Amino acid sequence: MDQLKGIGMQVFYTILKQHRRKLRPEMRILGDAYVKEEFRQANQKANQEQYIEFLKRWAIYIEELDKAKQIGRDLTSEEKALLNDEQIENLAKLKEFSKQQKSE
């Protein structure tokens, strides 16, 4: 499992590097925080089989980031009008979380 954890650290740092290259600053704040929490939990709770699957999924994410020309954009006013109350609330929570992460 120690060898897997070493591979996991490589995957983790590759993701953070891709975030620096590909994501806008406000997206990077959220993305980095999410990745850090996911890896922290996986390191604490996952057994070997789960950890291997976890790393496979993140490897797919790295490939998708690599291929992407544009990542993220602001919602149009038409898209915002289609959101339901729960989605609006979730966006507000994300915005608040982003502000908290930015100030830390």
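# Core and rings of a helical protein

Me: Does W58 count as buried or exposed?
Reply: The relative accessibility of W58 is 9%, in a predicted model where local features need pLDDT of at least 70, side-chain atom pairs count only at pLDDT 80 or more, and totals for chains, interfaces and linings use all residues. Residues are numbered from 1 along each chain as its sequence is written, and side-chain values use heavy atoms, leaving out hydrogens and water. Buried means under 20% relative accessible area, exposed over 50% and partly exposed in between, with a 1.4 Å probe and protein chains only. By that scale, W58 counts as buried.

Me: How are the rings of F54 and W58 arranged as a pair?
Reply: Both residues lie in helix α3, four residues apart, or about one turn of the helix; helices (H or I, at least four residues) and strands (E, at least two) are DSSP runs, numbered from the N terminus. Rings of Phe, Tyr and Trp (its six-membered ring) pair if their centres lie within 6.5 Å, and planes under 30 degrees apart count as stacked, over 60 as edge-to-face and the rest as tilted. Because the ring centres of F54 and W58 are 6.2 Å apart and their planes stand at 70°, the pair is edge-to-face.

Me: Over the ring of which residue does the charged end of K5 sit?
Reply: A charge sits over a ring if NZ of Lys or CZ of Arg is within 6 Å of the ring centre and within 35 degrees of the ring normal. The ring in question belongs to a residue of the aromatic cluster formed by F12, Y13, Y34, F39, Y51, F54, W58 and Y61. At 4.6 Å from the ring centre, the charged end of K5 sits over the ring of Y51.

Me: How wide an arc around the axis do the buried residues of α1 cover?
Reply: The buried residues of α1 are L4, G8, V11, F12, I15, L16, Q18 and H19. They lie on the same side of α1, because the arc, taken from the directions from the helix axis to the C-beta atoms, covers only 160°.

Me: Against which helices do the buried residues of α1 pack?
Reply: On the other side of α1, D2, Q3, Q10 and R21 are exposed. Contact means heavy atoms within 4.5 Å, and the buried residues of α1 pack against α2 and α3.

Me: With which residues is D32 in contact, leaving aside its neighbours within four places in sequence?
Reply: D32 has its place in helix α2, and at 12% relative accessibility this residue counts as buried. Beyond those neighbours, D32 is in contact with L16 and H19.

Me: How many helices does the secondary structure of the protein come to?
Reply: Read along the sequence, the protein follows the pattern α-α-α-α-α. Of its 104 residues, 24% count as buried. The secondary structure has zero strands, and the number of helices is five.
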